[in-house]
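Here is a short note to read beside the structure. The points go from the whole protein to its sheets and then to single elements.

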Amino acid sequence: MRIGIPTEVKDHEYRVSVTPAGARALTDAGHEVLVQAGAGLGSGLPGDAYVAAGARIVPDAADAWGADLVCKIKEPVESEYRRLRRDLVLFTYLHLAANRPCTEALLAAGTTSIGYETVQLADGSLPLLVPMSEVAGRLATQAGAHHLLKNEGGRGVLLGGVPGARPGQVVVLGAGTAGRHATEMAVGMHAEVTVLDVSLPRLRELDARYGGRVRTLASTAHAVQAAAHPSWWTTARSSGCGPGRCSSTSRSTRVAASRTPGLRRTATRRSRCTARCSTASPTCPVPCR
Ligand SMILES: NC(=O)c1ccc[n+]([C@@H]2O[C@H](COP(=O)([O-])OP(=O)(O)OC[C@H]3O[C@@H](n4cnc5c(N)ncnc54)[C@H](O)[C@@H]3O)[C@@H](O)[C@H]2O)c1
């Protein structure tokens, strides 16, 4: 089979779908791998590495898209719709529920499309979504720590503290894949960590894993407010999104908040922050700017 690896063209997308090691595995299995020139550069993977792995560098996107199977990272963007065709198999993240134009383009072209997010194992798990949640969870803590720095507009809080001073506090809403990885990072940074979930078995797992080092709480509106007050979901009523406070959230966190009885109304409200945060964080769900 001819497998094409085009350069991602979506705004701020720097990843490449197949690494040189992956290309080697495919060529060893008898496939021809066509990598668009520069496809790996955003990830620090030069064309030479692909050539050494048995792949062929092709100059244009059209050459990579001309393969039988195209592997990508993100769904095709508008400029790529013209490359879709009936005898193409497209393997990539699609998330079509949120993207009608792309869905219609794929249907019109008759392309056989397999969304990574729909690949399921016999036990119902989603193996190609898990790494994304792992990244999101780990990054959430890292981003939060960054935005707590004074020169980033934060309160000048060092999450790990220092001997003689109290560490920063981290509240993790949801102990699923993303939450567990956010917790792992926060514990590693020596922060004071509280994790809330509606699932007691998940909290038990965490409790056993960290031996009491992490505080676990059953997720209710009151528990969330007590753990994180003042926090962003109360900003509609108070000025919780205070100067320098940082809420680093993934969509899952907001979804979890919106599903918690009592938090739904404020979590989904997109009111403006009345506290005038000094943090211009793009992740703040209640922007004051
Ligand atoms: N922003 C990103 O880059 C990114 C990346 C990966 C996943 N996600 C999104 O995150 C979500 C899934 O994340 P995951 O892989 O960690 O899921 P998961 O199913 O492993 O974990 C979700 C956890 O939230 C808990 N939960 C549900 N309702 C809750 C509530 N009211 N209070 C507290 N906890 C609650 C669940 O019990 C579960 O433990 C998906 O919606 C996915 O699309 C976002």
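1. The protein contains ten helices and nine strands. Please keep in mind that this is a predicted model. Of its 289 residues, 36% count as buried. Among contacts between residues at least 6 apart in sequence, 56% join residues at least 24 apart.

2. Begin with the open sheet of six strands, whose order is S3-S2-S1-S4-S5-S6 and whose pairing is parallel. Its edge strands are S3 (56–58) and S6 (112–115), and each of these pairs on one side only. On average, neighbouring strands in this sheet are turned by 25° against each other, direction ignored. As background, strands of a sheet pair through backbone hydrogen bonds, either parallel or antiparallel.

3. Strand S1, residues 2–5, pairs with strand S2, residues 32–36, in the parallel sense over four bridges. To find the place on screen, look for Arg-2, which stands opposite Glu-32 in S2.

4. There is also an open sheet of three strands, in the order S7-S8-S9, again with parallel pairing. Here S7 and S9 are the edge strands, each pairing on one side only. Neighbouring strands of this sheet are turned by 20° against each other on average, direction ignored. Helix H8 (residues 221–228) packs on the sheet and touches S7, S8 and S9. The direction of H8 makes about 165° with that of S8.

5. S8 has a partner on each side. With strand S7 (residues 169–173), S8 pairs in the parallel sense over five bridges. In this pair Gln-169 stands opposite Glu-192 in S8. The chain gets from S7 to S8 through H6, and this β-α-β crossover is right-handed.

6. With strand S9 (residues 215–218), S8 pairs in the parallel sense over four bridges. Thr-194 stands opposite Arg-215 in S9. The chain crosses from S8 to S9 through helix H7 (residues 200–210), and this β-α-β crossover is right-handed.

7. Helix H6 deserves a check of its length. Does its span agree with or depart from what 1.5 Å a residue would give? H6 has twelve residues (177–188) and should therefore span 16 Å. The C-alpha atoms at its ends are 17 Å apart, which agrees.

8. How many of the twelve residues of H6 are buried? Nine are, and H6 is mostly covered. The buried residues in H6 are Ala-178, Gly-179, Arg-180, His-181, Ala-182, Thr-183, Glu-184, Met-185 and Ala-186. When viewing a helix, remember that an α-helix has 3.6 residues a turn, so residues three or four places apart point the same way.

9. A last point concerns the backbone that follows this helix. Just after H6, His-190 takes a positive phi of about 70°.

Definitions and conventions:
Residues numbered from 1 in each chain as written. Predicted model: local features only at pLDDT ≥ 70, side-chain atom pairs only at ≥ 80, totals over all residues. Helix = DSSP H or I, 4+ residues; strand = E, 2+ residues; numbered from the N terminus. Expected span 1.5 Å × (residues − 1). Buried ≥ 20, exposed ≤ 12 C-beta atoms within 10 Å, placed from the backbone. Pairing = 2+ DSSP bridges. Axes fitted to C-alpha atoms, helices over the stretch in contact; angles between N-to-C directions. Right-handed = clockwise from strand over helix to strand, strands pointing away. Contact = placed C-beta atoms within 7 Å.
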